[in-house]
Amino acid sequence: MTTEIETVRTVADLRARVSAWRARGGSLAMVPTMGAIHEGHMSLVRQAKGLAGHVVASIFVNPLQFGPSEDFEAYPRGEARDAALLAEAGADLLFAPGAGEMYPEGFATTVHVADITEGLCGASRPDHFDGVATVVAKLLLQCGPDVAIFGEKDYQQLLVIKRLVRDLNIPVKIVGGAIVREPDGLALSSRNAYLSAEERETAPLLYATIQQAAHALAAGHATEHALESARAALEAAGFRVDYLEARDPETLARLSGSVATARILVAAFLGKTRLIDNVPVPPRA
Ligand code: AMP
């Protein structure tokens, strides 16, 4: 059975729909996505449904956040399937604008969040967070939700968005959603589809390794040693590590020595596929 969901493609239609709900006193949550919907996105929609009367999910593959040699063209697209899954999770409305609606001729504004965007993904993906901050600022202003949910999977992105709404006084609460994983520990990601069968076998080691490092940190080991062992384990398994760091969970400030609280964040390539993941210290399991 396919569940139907109303789809709007213009800001005017989105606002008309939202205004009608607001007139009846309804609260609103938003879940922005780039499509290729999986259980991770669906868990955010379910969480949103528990926080507000109506849920708007958006699908927009944002060209501004892809680098010139990244996978914008190849990024998986399939709106009919995505719409059915979002509806099944409880979304009330899908906002799926075209590029011309988001960035009409003459579009000239960039939102840049400093500091927290430097390092980690910001180091290897220049301009990525400008693209994210610009599109998320637009989506939040277009929709005007009370709350918006972003996955902890993209941990640095979540903190960038929290900074953005504080700095620009955008009246919305930003809430993080827990990372949904495959039974073997691999974090769900649209990009997992790029992995070969052999790479897919290796991929769960990413989570296992940072989880082991989280346990080592919690046991009082110095971050440098724990991360060095983790990096060696990943490289031995065939990963090319982009970054592997322990950072302050709120500010992303660098940490060293023995620490009680941290977030371990990693990005690593398996073949051509770049995977990211992160875990808290102390670890949850
Ligand atoms: P994307 O479509 O990849 O831009 O992701 C849309 C939202 O879903 C972002 O807030 C992501 O952090 C979140 N997300 C992606 N993968 C997962 C996952 N495995 N668990 C939880 N949230 C996720």
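A polar contact is a pair of N or O atoms within 3.5 Å. In this predicted model, a polar side-chain atom of His41 lies 3.1 Å from an oxygen atom of the ligand, so this pair falls within the 3.5 Å cut-off. The chain is divided into two parts, domain 1 (6-177) and domain 2 (190-279). The points below take up the ligand, the contact between the domains, the salt bridges and some backbone details.

**Ligand surroundings**

- There are 16 residues around the ligand. Among them, Met34, Gly151, Asp154, Val180 and Leu188 come nearest.
- The backbone of Gly151 takes part: one of its polar atoms is 2.8 Å from an oxygen atom of the ligand.
- Leu188 also uses its backbone, with a polar atom 2.9 Å from a nitrogen atom of the ligand.

- The C-alpha centres of domain 1 and domain 2 are 26 Å apart. In the contact, domain 1 takes part with 21 residues and domain 2 with 16 residues.
- The size of an interface is often given as the accessible area lost when the parts come together. Here domain 1 and domain 2 bury about 1600 Å² between them. Carbon and sulfur atoms account for 53% of this area.
- Which three residues supply more than any other three of the area that domain 1 buries against domain 2? They are Leu120, Lys153 and Tyr155, which together supply 39% of that area.
- Two helices, H5 (121-124) and H7 (155-167), each supply at least two residues of the side of domain 1 that touches domain 2. H7 gives the most, with 3 residues.
- Sorted by class, the side of domain 1 that touches domain 2 has 10 nonpolar, 6 polar and 5 charged residues.

**Salt bridges**

- How many salt bridges does the rule find across the interface of domain 1 and domain 2? The rule finds 2 there.
- Arg191 and Asp71 meet through their side chains in a salt bridge, with a distance of 2.9 Å from N to O.
- The overall count comes to 17 salt bridges.
- Another salt bridge is formed by Arg9 and Glu79, whose closest N and O atoms are 2.7 Å apart. This pair links distant parts of the chain, as the two residues are 70 residues apart. Arg9 is in the loop between strand S1 (6-8) and helix H1 (11-23), while Glu79 is in helix H3 (residues 79-89).

**Backbone details**

- Most residues other than glycine have a negative phi, and most peptide bonds are trans. The next two points describe exceptions to these patterns.
- Asp127 is not a glycine, yet it has a positive phi of about 75 degrees. Asp127 is found in the loop between H5 and helix H6 (128-143).
- Val281 and Pro282 are joined by a cis peptide bond, with omega about 0 degrees. Pro282 lies in the segment after strand S9 (273-281).

Methods:
Residues are numbered from 1 along each chain as its sequence is written. This is a predicted model: local features need pLDDT of at least 70, side-chain atom pairs count only at pLDDT 80 or more; totals for chains, interfaces and linings use all residues. Side-chain values use heavy atoms; hydrogens and water are left out. Domain bounds come from an automatic or database domain assignment. Contact means heavy atoms within 4.5 Å. Buried area is the accessible area (1.4 Å probe) that two parts lose on being put together, summed over both. A salt bridge is a side-chain nitrogen of Lys or Arg within 4 Å of a carboxyl oxygen of Asp or Glu. Helices (H or I, at least four residues) and strands (E, at least two) are DSSP runs, numbered from the N terminus. Ala, Val, Leu, Ile, Met, Phe, Trp, Tyr, Cys and Pro count as nonpolar, Asp, Glu, Lys and Arg as charged, and the others, Gly among them, as polar. A residue is near a molecule or strand if one of its heavy atoms lies within 4 Å of it. A polar contact is a pair of N or O atoms within 3.5 Å; within protein, one must be able to donate a hydrogen and the other to accept it, and residues adjacent in sequence count only if both atoms are side-chain atoms.
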